[in-house]
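Here are a few friendly notes to read alongside the structure. They follow the charged side chains and where they pair up.

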Amino acid sequence: MKEQVTDFEFPNTNHPNRVATLGTLLDLGLEDCQFDTLALHAGAYPDPTTGAMLTPIYQTTTYRQEAVGKDKGFTYSRSGNPTVSALERRLAALEGAEFCTCYGTGLAATTVLCLALLRAGDGVVVSQAVYGGTVRLLRQVLEQFGVIADFVDTSDEETLKTALTGKPTRFVFIETPANPTLKLTDIHLAASLAKEADALLVVDNTLLTPALQRPFELGADIVLHSTTKFIEGHNATVGGALITCDAELHERLSFARNAIGAIQSPFPAWLTLQGVKTLPLRMVRHSENALQIARFLKVHDRVADVIYPGLESFAQFELAQRQQRTGGALIAFEVEGGVEAGIRLMNSVRLCALAENLGAAETIITHPASMTHADVPPAQREAAGVTDGLVRLSVGLEDPRDLMIDLDRALFNTK
């Protein structure tokens, strides 16, 4: 490994949003380092003024230029910001890609993706079970501009083939595991089918992160994150990211982001940089805790069904073993007694927080049908397996024994 370089300024690139990940890794002597090391160091240049280890919060609107047409890589913070760029370099490195753009929210990232790639009349094939905000964006906003979204069961090979046959499709958008049903889509297969149809494959990797799933190694063209969730991990920010290995795609995403002003702000980017340092450790603990909780719920007499990719009873267990490092942090389950029993459960927990989020250090319990997926048409919810009685549990970093005591007491109150 080459000696670490410490005496240099931020790179002056032709485009302020370009992320030269490989060059960054070489500069910092990280080209051969493992994931845990990259989570701590990738993308973080030493501060050229003070040598500070943490990337500063560059809370500035604009940047003084040396002369007309001569800048230091940044001109206006709607287009690019050094703190945001540091986060972009790190996320690109963690996904094993070259380019990343960060956004104010996860939905802002999805919006820019659609605006950059879709035109009136274009089609997009989307996982049937997907985040409710994605459904709302495509059905209630973009549909009026002529975008045709086809929500299908992307876990089924024949269904996906049929959806890609006979009509132009710009990209396939999959969320795997799906939110909140945890149904999996075979990324490698989806990539092959998309390529045959001359379409791109976009993978929402929010629920597993690159610590547990590597979409680019399986053929993805673009990876999307709501960094609000596990990437930042502390319920402190909202944010999004689009990552790619394709320079032309990156330029289109950068242009669209600048055009609509959707860039992430410096302070949330800085907080996310700190959160991502512990991502490898957190995802291991999340997964260990979730497996224990899933096993506990599986044998509980007040629980009708448990869905968790780490259980051998999971319908796609073999694919989960092949595609994911662990089962992840999310569990979906049904309570005996239906909707009313589920509501009593969620109103009875004390340690688990009833809230609309996932991926935080704290355990969060959610009723998707009335909360995160309330805007999804009932027929689509039912077809996707998002029943009215489904409970989603985002297992946090607490001692699992305390979580089981809390859930057991709350489940007793459902009788």
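1. Arg 322 and Glu 318 sit 4 residues apart in helix α12 (residues 317–323), so about one helical turn separates them. Helices here are DSSP runs of H or I with at least four residues, numbered from the N terminus. The two residues form a salt bridge whose closest N and O atoms are 3.0 Å apart. That term means a side-chain nitrogen of Lys or Arg within 4 Å of a carboxyl oxygen of Asp or Glu. Glu 318 is exposed, at 52% relative accessibility.

2. A word on the source: this is a predicted model, in which local features need pLDDT of at least 70 and side-chain atom pairs count only at pLDDT 80 or more, while totals for chains, interfaces and linings use all residues. Residues are numbered from 1 along each chain as its sequence is written, and side-chain values use heavy atoms, leaving out hydrogens and water.

3. Next, look at helix α6 (residues 157–163), where Glu 157 and Lys 161 are 4 residues apart, about one helical turn. Their salt bridge has its closest N and O atoms 3.4 Å apart. Glu 157 is partly exposed at 35% relative accessible area, and Lys 161 is partly exposed at 33%. For these labels, buried is under 20% relative accessible area, exposed is over 50%, and partly exposed lies in between (1.4 Å probe, protein chains only).

4. Which parts of the chain does the pair of Glu 88 and Arg 257 link? Glu 88 lies in helix α3 (residues 82–95) and Arg 257 in helix α9 (residues 247–260), distant parts 169 residues apart. The closest N and O atoms of this salt bridge are 2.8 Å apart, and both residues are buried.

5. Across the whole structure, the search finds 12 salt bridges.

Methods
Helices (H or I, at least four residues) and strands (E, at least two) are DSSP runs, numbered from the N terminus.
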